[in-house]
Amino acid sequence: MRNVIIGTAGHIDHGKTTLIKALSGIETDTTAEEKERGMSINLGFAYFDLPSGKRCGVVDVPGHEKFIKNMLAGVSGINLVLLLIDSREGIMPQTKEHIDILSLLGIENYIIVMTKIDLVEEEYRELVKEEILTFIEDTPLKDSPIIEVDSISKKGIDQLLLEIDKKTDLIEKEQASKNARLNIDRTFQVKGFGTVVTGTLTEGTISIGDELLVYPKGIKTKVRNIQVHEKDVQTAYSGQRTAINLNNVRIDEVSRGCTLATPNSLTKTYMLDTEIKLIKDDVANLELWDRVRFYTGTTEVMARVVPLGVDKISSGETGFVQLRLEEEIAIKNYDKFIIRTYSPMITIGGGVVLDSSPQKHSRFKAEILDNLKVQAKGSLSDIIENYLLSANEYLISSEEISKTLEKDKDLILEHINELLEKNSVLNVENSYIHYKKYDDIKEKIINVIEDYHKRNRLKVGIPKVELVSKIKLNNKEINQFLDLLISNELIKIEKNYVSLKDFSIKYDNKQLQEKNRIEKQLLDSKFTPPTIKDLTKGVKPTIEVLESLVGNTVVKLDDDIVLHYNVYEEAVRKVESHFTKNEQLTLAEFRDLTGSSRKYSMAILEYMDKQGLTKRVENYRILDKK
């Protein structure tokens, strides 16, 4: 069954709760206090089925100015809004504020419901309707249908149901593939079951047994039970009002304002880069370090304002703002929010999160402003390109891009192919990197190798492990980049030593004589070579020549012993031949194979252990089958 969420908005006593009861048979004024005062203090919710079979969850948001923050919590996840206007009173101050909030949050689907029509003469109703049409002329509600109803006599209710059915056909179905997210608006405890949270499941699905996280507190939990519209279900889907029984969460650990979501799907932050639109009102101005109230989902926190690119954002203007939050929240890019003045509390604007984890940066830095413009206005290709440029990782898979941007993977790949054709992005083993970042890491790697060559002119190259430590990439990424640089004929790797493609050691005559002498002496001595001290006599120029051969024609077993590479390879062949007929190799057996002493045999075998050829078990070796 298709699920949609409908919200009701409007001034206090304009008939929201009565209308919902007429539509669903459910009374949402649930507390004695609410019934006594004749107003909805907290969010009530009900449901009803449309003629087409769609099920509508209804959020009855409060109308009194004092409870605007509850109304803000209610609009999170709403697909369609019924804006109620009492036929006797017409547009009221809170009606205007509700329209401002809904518009700022980007809600596009409305039905205007004129209530209590049985209490007003038709001629007066027409005057009120004219007032409404004039008022909404310059708002997103300008083309919204106006339905006249009386909830007590049920006059107009059938027509309203048909209009809701028609309107909800145009609403895009939420992607069930998104990460789960439920903004918690109520918490309570059920004896024998523990903590229960409720809210609208705005994204994804939640099933019994799912492991989720309570943000921003980071509490791990498991779903014990789920109810949708007072019935136990196995799975809740996006667009449903949902009650969830949580495991391993105390009632005092979770509250309204928390979010239940898939682990690692939200960013915990004290700072946001945003685009904010201010309403046309004399009080709606933002200057550096203004203190405002920030609302998103069911979260309310105080924040300081840092305009970007301008000194001030004035009434009716749109601009970029960094918000410095006074409490940590959990959020992600493209979430919508509302801001209100600190005191008195007046809604002055709203916007969208463009970067959920920014750094503090210069207010007038062109590069920052350009990136924010791309995030705010750019096509999906622009946003992917910007994401690849700004992400901490260098290589990012299409799956990760799809997950982060919450777009279909096939759509992501379609736009990535456009970027590949423009040579903006590079494909490295089915991971992607922006060319600017590739050029950056390429330059870093080349510079490190060049610097090593300048300081070590008689060494074949920088040890790969040393290069990895300097570049600070993980092994998978560094290997992918090195393979790419090899294929582009910029570097070469020999025996785990990395050098520039055209680099070669150049010896002068004296160095060449020493090189030939060392190599001949090591070849002649085979498995019982002279020590490093005996080879070099401690003379620095000769030590440098010997070091230049390590990794090339010489294998360094330890700080005292080296072998000619050909001799070491001969030892490897003898060991591999031994294991074709035997499962174990003792030190004595290896000594007999090579005719070397115990000291040299031990050094050679320990080096083979380090290379992963053999593995020591008690007093013998076996082949290392890793």
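Start by selecting Lys526, which is partly exposed with a relative accessible area of 33% (buried means under 20% relative accessible area, exposed over 50%, partly exposed in between, using a 1.4 Å probe and protein chains only). You're looking at a predicted model, where local features need pLDDT of at least 70, side-chain atom pairs count only at pLDDT 80 or more, and totals for chains, interfaces and linings use all residues. Residues are numbered from 1 along each chain as its sequence is written, and side-chain values use heavy atoms, with hydrogens and water left out.

Stay on Lys526 and check the backbone: phi is positive, about 50°, although this residue is not a glycine. Lys526 sits in the loop between α14 (509–525) and α15 (532–536). Helices here are DSSP runs of H or I with at least four residues, strands are E runs of at least two, and both are numbered from the N terminus.

Next, select Glu429. Here too is a positive phi of about 50° on a residue that is not a glycine. Glu429 lies in the loop between β25 (425–428) and β26 (431–434), and is exposed, with a relative accessible area of 55%.

Strands β28 (residues 491–494) and β29 (residues 497–500) run antiparallel and are joined by four bridges; two strands pair if DSSP finds at least two bridges between them. Lys492 stands opposite Ser499 in β29. Two residues lie between the strands, and Lys495 takes a positive phi near 50° in this hairpin.

Why stop at these spots? Most residues other than glycine have a negative phi, and most peptide bonds are trans.

On to the cis bonds. Select Tyr215 and Pro216: the peptide bond joining them is cis, with omega about -5°. Pro216 is in the loop between β10 (211–215) and β11 (219–228). Then pick Ser343 and Pro344, also joined by a cis peptide bond with omega about -5°. Pro344 belongs to the loop between β22 (336–341) and β23 (347–355).

Last stop: the second largest pocket, with a volume of about 660 Å³. Select Asp100, Ser103, Leu104, Lys277 and Ile279, the closest to its centre of the 22 lining residues. A pocket is an open set of points on a 1 Å grid over the protein atoms alone, where a 1.4 Å probe fits, with protein on both sides within 12 Å along at least five of seven lines; lining residues have an atom within 4 Å of a point. α4 gives the most to this lining, with five residues.

Technical notes
Points joined across faces, edges and corners; volume = space filled by probe spheres on them.
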